[in-house]
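Please have the sequence and the model open side by side while you read my notes.

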Amino acid sequence: MTLLSFYGGMMAAYGPSLLLFTSVVMRKAQLVVVMIAAAFFMLLAVLGASVAWAGLRHVVSADWVYVLLAVLVQEAVRVWFFRLYRVAEMSFSVVSTNAVVFPLTDLMSAVAAGLGFGIVQTMMIYGSVLSSAMGPGALFSPKCDHWSSVFQGALQSNMFVFIHIALMIIAFDAMRRASIEKMAAFVLLHLLASSITVMNKSENGCVASLVLLFVAMLGTLGYAWWVMHRPDYRSKLHLR
């Protein structure tokens with residue numbers, strides 16, 4: 001039963017990401033580079049948030065403070081990543097062959113970068129939970145006895161991968177337009193989704209947390225869909 005729990009949780013958490021990587025990202029070498037670079041930047045964000053929290057936790061220990069800190073650091077790193085991506089894009093496009101045969105579009109680059117962000121976050125948060133599935137018995141949270149922590153964590157990890165992809169699509173468009181309102185939108189969407197996870201610490205809050213996180217994921221994906229289908233979306237203009 002432990003092996004079933006382990007492999008089931010692993011496939012539920014990382015199966016869709018693996019499918020997206022093999023079917024979309026892996027087909028173009030430049031997208032693989034974008035994804036790896038984004039994953040590295042996400043590691044820097046996790047490190048920065050951890051260092052900052054190590055100094056702040058002696059002053060304030062509220063969960064929402066850590067959530068706010070982690071989101072702000074991650075979004076600052078997302079902006080930093082885009083700025084470096086834009087420089088690399090200009091250098092990459094100077095070569096005429098790259099511009100024609102291997103074009104970098106905002107949509108595909110955002111998907112690859114969002115996948116890199118999401119995979120790193122899920123590995124950092126869910127990796128230790130998944131490894132516990134190899135032990136004897138099943139792992140349950142004292143606050144949630146409806147299903148195992150392995151199953152709950154797998155669903156949350158999966159949803160956060162898609163949230164990060166949608167956030168990256170929104171962020172690329174917002175920073176291309178230099179729109180403060182749209183930049184604030186993807187920060188607030190991320191903060192909303194992350195704040196929902198705090199409910200896991202309340203009695204039977206895991207059920208409400210999963211439902212609300214699913215709604216937040218659909219809302220974020222819906223916003224990204226609207227951004228992608230605007231007439232002046234940059235990837236559409238590039239393909240004309």
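1. **Ground rules.** This is a predicted model, in which local features need pLDDT of at least 70 and side-chain atom pairs count only at pLDDT 80 or more, while totals for chains, interfaces and linings use all residues. Residues are numbered from 1 along each chain as its sequence is written, and side-chain values use heavy atoms, with hydrogens and water left out.

2. **Overall fold.** The chain has nine helices and zero strands; both are DSSP runs numbered from the N terminus, helices being H or I with at least four residues and strands E with at least two. Of its 240 residues, 44% count as buried (buried is under 20% relative accessible area, exposed over 50%, partly exposed in between, with a 1.4 Å probe and protein chains only). Among contacts with a separation of 6 or more, 76% join residues 24 or more positions apart; a contact means heavy atoms within 4.5 Å.

3. A nonpolar core here is a set of buried Ala, Val, Leu, Ile, Met, Phe, Trp, Tyr and Cys residues joined through side-chain atoms within 4.5 Å. The largest has 50 residues, and Val-25, Leu-115 and Ile-169 have the most contacts inside it. Helices giving two or more residues to this core include H1 (2-25), H2 (29-56) and H3 (63-94), but the largest share, 14 residues, comes from H6. Leaving aside residues up to four places away in sequence, Ile-169 touches Leu-107, Ala-110, Val-111, Ala-224, Val-227, Met-228 and Tyr-233. Another core, of seven residues, lies apart from the largest one, with Phe-6 and Leu-130 among its members.

4. **Salt bridges.** There are three, each needing a side-chain nitrogen of Lys or Arg within 4 Å of a carboxyl oxygen of Asp or Glu. Arg-78 and Glu-75 meet at 2.7 Å, N to O. They are three residues apart in helix H3, so about one helical turn separates them. Arg-78 is buried at 0% relative accessibility, and Glu-75 is buried at 3%.

5. **A bridge between helices.** Which parts does the pair Arg-176 and Asp-106 tie together? Their side chains meet at 2.8 Å, N to O. Because Arg-176 lies in H6 and Asp-106 in H5, the pair links parts that are 70 residues apart in sequence. Asp-106 is buried at 2%, whereas Arg-176 is partly exposed at 23%.

6. **The remaining bridge.** Asp-173 pairs with Arg-177, their closest N and O atoms being 2.9 Å apart. The two are four residues apart in H6, about one helical turn. Asp-173 is buried at 4%, and Arg-177 is partly exposed at 29%.

7. **Thr-105.** This residue sits in the loop between H4 (96-101) and H5 (106-132). Is Thr-105 buried or exposed? At 12% relative accessibility, Thr-105 counts as buried. Its side chain reaches the backbone nitrogen of Met-108 at 3.5 Å.

8. **Surface.** The chain exposes about 12,300 Å², with carbon and sulfur atoms supplying 74%; areas come from the Shrake-Rupley method with a 1.4 Å probe, and for residues only the protein chains shown count as cover. Within helix H5, Ile-125 is exposed at 54% relative accessible area.

Notes
Polar contact = N/O pair within 3.5 Å; in protein donor to acceptor, adjacent residues only side chain to side chain.
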